Amino acid sequence: MEETLEDPPTSAVLLDHCHFSQVIFNSVEKFYVPGGDIICYYTLTQHFVPRRKDWIGIFRVGWKTTREYYTFMWVTLPSDLNSKSTEQQEVQFKAYYLPKDDEYYQFCYVDQDGVVRGASIPFQFRPENEEDILVVTTQGEVEEIKQHNSELCKENQELKDSCVSLQKQNSDMQAELQKKQEELETLKSINKKLEQKVKEQKDRWEAELLQLKEQNQKMSSENGKMGVRVDQLQAQLSTQEKEMEKLVQRDQDKTEKLEYLKKENGQLFVSLTEEREHQQKLKQTLEDLKQKEATAMKKEQELMDQNFDLSKKLSENKIICNVLQREKERMERENDLLKRENSRLMSYMGLDFDSLPCQAPASDQGGTGQNPGLVYGNPYSGIQESSAPSLVSILNHESNHIKSLIKCPFLLHFMGEP
């Protein structure tokens with residue numbers, strides 16, 4: 001027997017017939033030569049899902065339970081358990097674990113519940129002899145053997161299909177049997193409880209009966225006195241029966257009331273569901289209002305920022321306006337000074353300032369620029385010609401000063417220009 005750290009899961013249920021088709025063993029030899037390792041090939045059908053504790057054992061033919069295995073090996077789970085295709089698996093048995101006698105053995109696939117899911121054809125462990133030599137036959141015998149083999153294969157397939165159907169029926173019957181056993185266990189438990197209650201009730205009744213017997217003996221000794229008592233007890237019994245009827249009626253009323261309360265509870269549950277849906281809608285509406293409020297607040301903040309920027313620009317424009325106003329006043333004062341200075345110069349040169357624009361063209365026509373009324377010319381003409389460019393240069397200088405002041409980056413910044 002193989003010595004392992006963990007024994008395989010087995011079952012003590014007696015199995016008279018082991019025809020299972022959920023696991024099919026392939027390429028099983030009629031005999032294996034002792035002293036060598038053997039490889040067991042098997043295929044898992046689509047109706048079977050392997051588990052971690054499944055194992056394959058070598059059983060002597062005639063075994064009754066899965067505890068009678070000679071040796072075993074744990075199976076290796078396929079790489080893809082969800083695959084629908086059947087794939088051949090294998091497991092190797094070492095030579096020193098194999099039987100030494102020439103009895104008939106077979107492979108059996110046992111799941112982790114100790115249930116056999118497949119069994120191979122019998123085989124032996126014996127050396128090769130002359131009986132196993134291949135015999136050459138004629139072509140007719142070969143054809144006959146092929147025909148017979150085809151018929152056997154067809155019959156084998158029919159037997160397999162029948163076995164699958166029987167296996168399915170067996171599984172259904174086992175499931176139904178398991179269900180019936182569970183129901184039976186439940187009924188047994190209930191029956192046991194009822195028997196316990198009956199026993200307790202019987203003990204109470206026996207105690208009461210004993211008390212009644214004692215009371216009966218006392219009542220027999222005092223029969224005369226207890227006649228009236230019997231009438232009273234009968235009256236009390238009648239009253240108790242009436243009270244019992246009232247209690248039964250009250251119990252029925254309570255049952256009806258309970259049914260009414262159940263209906264009312266159902267209606268309240270429906271109302272509560274509707275109220276929850278209404279609350280959910282209100283909550284969604286509140287979320288939408290909050291979102292709109294947040295959007296409005298954001299827009300209001302943007303408007304306030306724009307208003308603040310506009311106010312700031314307005315203040316800056318006011319400052320610029322004041323600066324320009326003061327500059328204008330200064331320029332007007334300078335202009336007045338220049339006019340007075342110009343008038344003074346004109347009066348100094350003997351010219352009228354108001355008549356200057358009218359005399360200016362005459363200077364262009366004369367060629368020499370001299371007044372015809374004067375014999376020797378204007379003695380101040382040279383002074384006028386020399387002083388006029390000075391006045392124009394002064395005016396141009398002031399004009400350039402004003403332009404540079406207007407184009408000042410500081411003022412342009414306050415005016416909001418780039």
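Guide: Buried means under 20% relative accessible area, exposed over 50%, and partly exposed in between (1.4 Å probe, protein chains only). The model is predicted, so local features need pLDDT of at least 70 and side-chain atom pairs count only at pLDDT 80 or more, while totals for chains, interfaces and linings use all residues. Residues are numbered from 1 along each chain as its sequence is written, and side-chain values use heavy atoms, with hydrogens and water left out.

A nonpolar core is a set of buried Ala, Val, Leu, Ile, Met, Phe, Trp, Tyr and Cys residues joined through side-chain atoms within 4.5 Å. The largest one has 20 residues, and those with the most contacts inside it are Phe 25, Ile 38, Tyr 42, Ile 56, Phe 93, Phe 107 and Tyr 109. At least two residues of this core come from each of strand 1, strand 3 (38–44), strand 4 (55–60), strand 6 (88–93), strand 7 (104–110) and strand 9 (123–125); strands are DSSP runs (E, at least two residues) and helices are runs of H or I, at least four residues, both numbered from the N terminus. Strand 3 gives the largest share, 4 residues. Phe 20, Trp 55, Trp 63 and Tyr 69 are among the 9 residues of a second, separate core.

Ser 27 counts as exposed because its relative accessibility is 54%. Glu 151, in helix 1 (residues 139–221), counts as partly exposed because its relative accessibility is 46%.
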